[in-house]
Amino acid sequence: MSDTIILEVARFNPEDGGEPSYQSFEVPLRPDWMVLDGLNHIKDQLDGSLAFRWSCRMGICGSCGMMVNGVPTLTCETLLMNYAPGPVRVAPLDHFPVVKDLVVDLDDFLAKLQKVRPWVVRKDDFKPAREFMQSPAQLEAFHQFSLCINCTLCYAACPVSGLDPDFIGPAAIALAHRYNLDSRDQGIEDRLDIVSQHEGIWDCTVVGECSVVCPKHVDPSLAIQQFKLTATKEWFKSFLLPRGKH
Amino acid sequence: MPQYTQYQPKEHRPKMSAYWYLDNWHYLRYALRESSSFFVAYFCVLTLVQLAALGTNATRYARFEAFMAHPAMIIVNAIALAFFLLHAITWFNLVPRVMMRQILARPTPDIISSAPNYLVWFGATIILALFITGVL
Amino acid sequence: MSAGKRSNEPIVWILFGMGGFLVAFFLPVHVLFYGLLFPAGMVHAPSYQQTLALVRHPLARVYLFALLTFCFFHAAHRMRSTMLDVLNLRHLNTVIAFLCYGGALVGTVFTVWLLMTV
Amino acid sequence: METSSHDILIIGGGGAGLRAAIEIAEQDPGIDVAMVSKVYPMRSHTVSAEGGAAGVAGKDDTIDEHCYDTISGSDWLGDQDAIEFFCNEIPKELLRLEHWGCPWSREPDGRIAVRPFGGMKKMRTWFAADKTGFHMLHTLFQTSLKFNTIVRYDETFVTRLLVEDGAVRGVVAIELRTGKIRAIQAKAVIIATGGCGRVFPFTTNANICTGDGMALAYRAGAPLKDMEMVQYHPTGLPFTGILITEAARAEGGWLLNKDGYRFLQDYDLGKPTPAPVFRSMELGPRDRVSQAIFGEFEKGRAFHGPYGDYVHLDLRHLGEHKIESRLPMVRELCLKYENIDPVREPIPIRPVQHYMMGGVHTDIDARTPLPGLFAAGEAACVSINGANRLGSNSLGEILVFGARAGRSAVESARNASAANETAILAQARDEERRVEERFLRRTDGTEKITKLREEMQRAMEKGCGIYRERDSLAESANKIGELRERAGNLALDDHSRTFNTQLTSALELGYMLDVAEAIVHSALDREESRGAHQRRDFAKRDDQKYLAHSVAHRSADGPPRIEYLPVVITRWPPGERVYGR
């Protein structure tokens, strides 16, 4: 086996006025190197102008998502060896505007995250002197959906996100669902107003790829379908009892 | 220094390919799964035609049966069957899982949610087959 | 995407969902016999009279009504999403929705009429 | 030059910064608070904390016991008034986080569960499986989203504090996406930028932990306190330095040398028992356990690997169920980064730089000596951690002192006098010119960032490792001085404005060198062994001379001036640190 591998890295610099292109770099192929280590080798030794985000290098901060051979991937936890003998194509995440090289613009994602009201809403203003009691089963009900690291791989995997920029998208809906399911929360009505719209859950056609690429097994697709069930239940309730909603 | 309109970053917005569903197997499977709807519609219409023939008289029904025996129709129906099976498998692997998660409020192994559906499917198929073939 | 206007999508979604189960459970065996085994002569088809008697049974009529109606809406919903996603015709969403669900409605009317007259 | 102005500006979007922002927004919705962070807040390094946050919870536990554990853990270098305040506040803070939705692990009856932790005499560490930092950070970030008064400058890199007439009045920062350099004015500034682990080659810290806030304050005239106190975490994965949480030992994991022997019993940490015992063996404090592992290396009783010596952390006897429910991330990390399953194999580990007990000198109210400047979290030194921080006290610290910094900043902003805007903006324009001339437009530099960074890291490992002595410290100090000279002559490949990460690397290198200088000189000056600071040439603790905080003041040229401040002793006179007996 060769001890180097070719990384074909997407380049784009708006200041060159140029078009996006790919640039090939030869990097060492070491058994314990991740794709990110290859990129850092380029940045440190070959071309310091390459721009990409990374931080924790242990799969929890969510910075280093990129398309690796066309698949949304956390580069810090994917072995370079998996792609031997190469070449490996590294590109910015699909469906996002590209700022530079491998860096994408996440403003829109953050706005969507805020829009779904991802915090505990209390309608009754109740503040217990101690903790809210929450059984392990109640914790289990939402725990899986609280594991999202906002790496946005799911948006890159979701064709609907690509086709409809207004789609709230997998991670944000899963987060809304996480709070809906939390026994301490009472904000489901507020969130339904936002998320049970066409650009919310109803835009999702269950491609399911979001759950395939999710590095934390959050399963946003499942969250969205569950949310649809809830929204449907609420819809029929308000249809049958139009004044049931105070 | 290259000329650059300072502080006006021109982000690159890649266009999605019109043939995005050919990009990987999962997308293609999705496109095929959704396409099953055309065969569902086709077969429902076909059943209406069959009902209409049944309701008219035996001659009309015989003509319908002859039409169905045309090799082209058999091929189309074989394709429809393949699509229905694709639908059934993808449906049983996904939808019961969502419902089970909703009911039990915790992650459960997929086998628990999908297995009963396969059993029901099997049973319903046998019973319907007995009615359709006139055994019952 | 402002708060307040919840979508009426649940009505078509629930029809789609019911249809999805019916398609999965029942359509394969229908097409298997009526579309393949009977026409190909691999299984002996029941006579005209037998078939007529079968569909005239009240339970069979109810069954066929439910099956066809829900399957029409199931198909309509998916044909719409196929056209929006796969064919990328999102700008025609309203027209497509009208045609698909309208078609399903027409199919339902025909189903009722045929089941009552058969 | 674009300018904006706010009442309060927070630098850093991690746990401490977010807690401060929420505190301010809750105190007074009329206050305009802004948060500048070089990454999106949920990327901050708080996200990597695993084990938990300590706060008295059970009936059999008392605040005094938490205080005593923390004080003895600090080797009596922690300020006792601050520690008492901290131990009193932290349960309230952790409850507040529960009310905001943090998914704390639970007892069967619905109460919050607690686990034991190193150096703690009672079960008092609240946890969310082994992703406590992740859940805390995301809970704080998501809660902060409900306050419209919090203005965020995400991915904005601060290059300098603006100081006018002795008071801090804002910052100059680069908006990374556009490269725009802007002046952000404020009546009060809070530094919550976290630690500086990246000055070391082998660290659990994320790439962003480059001591920015420490250096910013240091350059503006605020001193750095106890910088020689560098915590080595006993259990990091070889090569990557990824942290394997102390909770692995708290749940019952064993440390074994190459003979399969629980060697901690040879280092005055108690006798081995099958089940974990508080303040004993594997539940000893981090400084002592790391020193013991290093001792095994020296005795040749460790394994030898391609990345140096290591010992084993054995979890196999805990069983798959316990590992999955209590330590899922440990398993995930081992599988991904070491290709081993802790259910079936022991984990190779070695001590790794983890935390800075030292930081920007603040009082108990999170005030620095500079008017208008506050600090909280790892960037600050109050000090509650003294010479050795106990595991699970840092997640509490960011909450208690984040909130405290917020309150102090509100008070300060309300009482602030009008600023001389002309002078402040002139300073900001100077800074803009400096960044452009020294980095962006400069084409004749010769030094490579990567090379300097590596040399710095090697020097720090050599001089400021687990054991230190005068000669190697002096050598490292010289090296850092040399590197600071050379850093004035950096060569950049990237002269563009848009998301120039090479520019930020260059600026970070400058910050790290300043911080490294403070660390190495503080270590050189403290001629005793205490907690994490172990001198081979001065093996004993010396309370006569060094029951005091070192305080490093930057000097314009040449090494920093080190002074000492007495430790605040209230009810717990200095004593012997006893573990396992």
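Tutor: Let us begin with two chains of this predicted model: chain D and chain A bury about 5,300 Å² between them, and carbon and sulfur atoms give 52% of that area.

Student: How do you know that chain D and chain A are in contact, and how many residues take part?

Tutor: Contact asks for heavy atoms within 4.5 Å, and by that rule 66 residues of chain D are in contact with 65 residues of chain A. Of the 5 pairs of chains in contact, it is chains A and D that share the most contacts.

Student: What makes Asp107(A) and Arg177(D) a salt bridge?

Tutor: The rule wants a side-chain nitrogen of Lys or Arg within 4 Å of a carboxyl oxygen of Asp or Glu. The closest N and O atoms of Asp107(A) and Arg177(D) are 2.6 Å apart, so the pair meets that rule. Across the interface of chain D and chain A the rule finds 8 salt bridges, and there are also 37 residue pairs in polar contact, with both residues at pLDDT 80 or more.

Student: Which elements of chain D give two or more residues to the side that touches chain A?

Tutor: They are α3 (80-99), α4 (132-144), α9 (328-337), α12 (449-463) and α14 (501-525) of chain D. The largest share comes from α4(D), which supplies 6 residues. Sorted by class, this side of chain D has 22 nonpolar, 22 polar and 22 charged residues.

Student: What makes the radius of gyration of chain D agree with that of a compact globule?

Tutor: For 581 residues, a compact globule would have a radius of gyration near 25 Å, and chain D has 23 Å, so the value agrees with the rule. Along the principal axes, the C-alpha atoms of chain D fill a box of roughly 70 × 50 × 50 Å, and the chain has 15 helices and 22 strands.

Student: Why is the pair Glu251(D) and Arg115(D) said to tie together parts of chain D?

Tutor: The closest N and O atoms of Glu251(D) and Arg115(D) are 2.9 Å apart, so with a cut-off of 4 Å the two residues form a salt bridge. Glu251(D) lies in the loop between α6 (247-250) and β12 (254-256) of chain D, whereas Arg115(D) lies in strand β4 (residues 114-115), so the pair ties together parts that are 136 residues apart in sequence. Over all chains, the structure holds 101 salt bridges.

Student: How do you know whether chain C is joined to chain D or apart from chain D?

Tutor: No contact joins chain C and chain D, and their closest C-alpha atoms lie 15 Å apart. Chain C does meet chain A, where 20 residues of chain C are in contact with 26 residues of chain A. Chain C and chain A bury about 2,000 Å² between them, with 62% of it on carbon and sulfur atoms.

Student: Why is the pair Arg90(C) and Asp164(A) called a salt bridge?

Tutor: The closest N and O atoms of Arg90(C) and Asp164(A) are 4.0 Å apart, and the rule asks for a distance within 4 Å, so the pair is counted as a salt bridge. Across the interface of chain C and chain A the rule finds 4 salt bridges, alongside 6 residue pairs in polar contact, both residues being at pLDDT 80 or more. On the side of chain C that touches chain A, α1 (9-37) and α3 (58-86) of chain C each supply at least two residues, and α1(C) gives the most, with 5 residues. The residues of that side divide into 7 nonpolar, 7 polar and 6 charged.

Student: What makes up chain A in the domain assignment, and how do its parts touch?

Tutor: The assignment gives domain 1 (4-104) and domain 2 (107-244) of chain A, whose C-alpha centres lie 31 Å apart. The contact takes 15 residues from domain 1 of chain A and 16 residues from domain 2 of chain A. About 1,000 Å² is buried between the two domains, 69% of it given by carbon and sulfur atoms. In domain 1 of chain A, Pro72(A), His95(A) and Phe96(A) lose the most area to domain 2, together 47% of what that side buries. The count between these domains is 0 salt bridges, but there are 4 residue pairs in polar contact, both residues at pLDDT 80 or more.

How values were computed: Residues numbered from 1 in each chain as written. Chains lettered and ligands numbered in written order. Heavy atoms only, no water. Buried area = accessible area lost by both parts, 1.4 Å probe. Polar contact = N/O pair within 3.5 Å; in protein donor to acceptor, adjacent residues only side chain to side chain. Helix = DSSP H or I, 4+ residues; strand = E, 2+ residues; numbered from the N terminus. Nonpolar A, V, L, I, M, F, W, Y, C, P; charged D, E, K, R; others polar. Domains from an automatic or database assignment. Rg over C-alpha atoms; globule rule 2.2 N^0.38 Å.
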